Amino acid sequence: MPSAPTASLFSNAFAHPGDPLPAHLERVAQRAAAGIAPTARAEIRAIALVAGLFHDLGKATPWFQEYLLRAGRRSELSHHAETGALLLWWYSAGLDWPLWQRLAAFIAVRRHHGPLTFQEWPMLLEQMRAQWSEPDCPLRIQLAAMDLAGIHQWLTEVAARHPGQGLAAAPEPLTLAAIEARLRDRQTLGSKLRKAFGPVDDALALLAGFGALLAVDKTDAALQGRQIERQRLPADAVTMHKQRLWGGADTHRQAAGCALDQRREQIAQTVARTWLAHLDQPLLTLTAPTGAGKTLAVLHAALQVRAGLESRLGSAPRIIYCLPFTSVIDQNHAVFRAVLRSNGLPDREDLLLKHHHLTEATFRTEGAEYQADGAGQLLTETWQSELVVTTFHQLLHSLLSPRNANLKRAGQLTGALVLLDEVQSLPLRYWEALRQLFIAAARTLGTRFVLLTATRPLIFQPGDAVELLPDHATHFRAMTRTRLLAHHREPITLEAFAQHLIAQLHQHPRAALIIVNRRRAVRTLFEALRAAFPERPLVALSTDLTPLDRRARIRLIQRLLRQGQPVIAVTTQLVEAGVDFSFPVVHRDLAPLDSIIQAAGRCNRHGEAGAVPGEVNLWHLKTSKPDGSPGESLWRRVYDSALIEVTQETLGTADGWDECDFLELSQDYFRGCRARHDQLRVDEQLARGDLLAVEHNFQLIEERPTVSLFVVRKPPDAALWEDYRALRDDPQLMPAEQDQRFRPFKRAFYERVIQISAHAAHGLDRNEVNRLDTGPETYDRHAGFIGLPGETATCIF
């Protein structure tokens, strides 16, 4: 072992250049504890507080100070997490804590610079015990060189400065012998240690305390000791927004005779009134027809509830609004931004934040603007905002992941109002896992969950949740906007369907939306319709288009519809969950019933057709065999066959169904699904700490082997590619520095990336992004990816 540099007093140590270590530890501890909502279990706040005090305490070694202040060499003696965790284990013996809580705080400190990739919670402590027994143990050498008496005195002073927070004066003199005695304490050996964690609640408490520490420690360093101040949101912001949009206080627009808007306002008032009457109920649902104004209704209710809870608790909960796909996040974020603007609030991320994998991570506050290659990325990823719009993936992996990049948001979930919109998109196999997770998070973290949908899945069981629209059945029965027509009992080929469409569109030149299950089918229909209607506005939408092109086409379709143009849109199911389209006629390939009903929500959405219902046609499309007869159903390899079977059984033999039938149909469908589908449980793995298994088993999107292609269409695209390759090919840059330099143009880069199946990639690198130069045989600017250079047929779904 190298000899120790000259030791120094603990009071003279630094956490970062210019930041004294004692001040940093106390500041992080207080802020981490303060970030835990008052509705969460008190143990979480205690874990965050004590872990904050000890997380960087191992930096008080002469080796780390030499590295930090005098550019010394890194070595195992300059590591600090292990030392801080061992000192915490000694200290926590003097606290009136159960064994699981001591272990939780120990793990938080030990792994605050690394993922939780072990298989059981006690493993880290057992590893440290084994390490302590080895000759020349680095921990012994580090501790022997530390100012243990100074640390002991500081801990006593901290406890005195913060009475009533559960801290205690150090239980005994801090010596190597005392530390060893605690490490070898027989009360924590063997089976008792392995059984320390009980139900999943204890695991969630650990993750929330750990996440609070991660978020505060990282932002404290990035902001040089400053913090993002909490902001006020007006409780009546949505009401003021409606008044500004529609003029005066007449939010019903009665003068215009708009019955649908009157119903939307009635729904909004009922939702807010019901939630305010059940402030202590953490599990809620909101079931309302598509296009019934759920987004603004739930935002209004959440702002009212936030104000009520702030008045009661002295702390305003964050509002976290979640959607299944990034394609609708931009749309709903724009709605929320318009609400804030109507109330004179600026476009700042500390008020309203959008977060998904393509987010531009610039973060603005009243007094500063933090860039993506600096603190902006960190502030975005830790949700330092009052109103967050994000994806299901980002929300759920804040708890169901071993990675610090995800877990650093876990503390922000305490006390939050979590609104999950289009919740029918959550896979059926996870319903029971999500039920257990939401119930445990409500009980442990004090989180309130609202599940919003027009087709409510059976995630919650009877008695679990309060319905925010108790008379929702009345609203469904009153809806007459659409009629679903059955054509699906006689399958037809895609080519025959194309000819039928062409004939219908010649006869009735209306705007039409065609939703099919495969990307190849989108291309086939698009080419046939383009040849038949060269003068009609025609738009294709699928993941064969880059995210940049998809977003532009969604805006184009919306503009053409507003102008009354007879636009024809051919798309995959990516438009079903929340995209604000309203077509007079919709065609839908056979799919699970909830998808069919969501597709119907894109038809006559705002009642533009008056008394005439919109027309939703259900088909069963198949490929063609060489002889022209029907081949494979297009839903295969896309949907589970059990879901299609339940759909067909639920629809029965009727020729059609009015919109007022949709609620009963969806309830029958979900009951049939629940009875047929096995449920995956992750709570047992989570309870014992096997987060690697949890992450492996919990995949919101079924992963198929894919290859990434960067689409180069214009000179700016080529410039982005060259910037990317320059970073990736620079041997002088470490991966962390590459990532930091990539952040400012990460969104722009990935907005030009598409995924193709690995078997169609013909040897391209699966671990890297590959360049695709567009040409007549590779990428069509109207319909997207065609094939790789030199290939005439690429098999894609």
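**Notebook: pockets, cavities and confidence**

I sorted the lining of the second largest pocket by class: 15 residues are nonpolar, 11 polar and nine charged. My classes: Ala, Val, Leu, Ile, Met, Phe, Trp, Tyr, Cys and Pro are nonpolar, Asp, Glu, Lys and Arg are charged, and the others, Gly among them, are polar. This is a predicted model, where local features need pLDDT of at least 70, side-chain atom pairs count only at pLDDT 80 or more, and totals for chains, interfaces and linings use all residues. Residues are numbered from 1 along each chain as its sequence is written, and side-chain values use heavy atoms, without hydrogens and water.

**Pocket**

I looked up its space next: about 650 Å³ lies in the second largest pocket. Of its 35 lining residues, the closest to the centre are Ala34, Gly35, Arg230, Arg318 and Gln412. Helices H1 (21–34), H11 (200–222) and H14 (294–313) each give two or more residues to this lining. H11 gives the largest share, five residues.

Terms: on a 1 Å grid over the protein atoms alone, a cavity is a set of points where a 1.4 Å probe fits but cannot get out; a pocket is an open set with protein on both sides within 12 Å along at least five of seven lines; lining residues have an atom within 4 Å of a point. Points are joined across faces, edges and corners, and a volume is the space filled by probe spheres set on them. Helices (H or I, at least four residues) and strands (E, at least two) are DSSP runs, numbered from the N terminus.

**Cavities**

How many cavities of 30 Å³ or more does the whole structure have? I found five. The largest cavity holds about 60 Å³. Its lining has nine nonpolar residues, one polar and no charged. Leu395, Phe438 and Thr447 are among them. H19 (431–445) supplies the largest share, three residues.

**Helix H6**

Leu124, Leu125, Met128, Arg129 and Trp132 are buried. Seen down the axis of H6, they fall within an arc of 140 degrees (directions from the axis to the C-beta atoms), so they line one face.

**Confidence**

I read the pLDDT (the predictor's confidence in each residue, from 0 to 100) last. The chain mean is 90, and 96% of residues reach 70 or more. Residues 248–257 stay under 50, with 17 contacts (heavy atoms within 4.5 Å) beyond four places in sequence.

Definitions and conventions
Buried means under 20% relative accessible area, exposed over 50%, partly exposed in between (1.4 Å probe, protein chains only).
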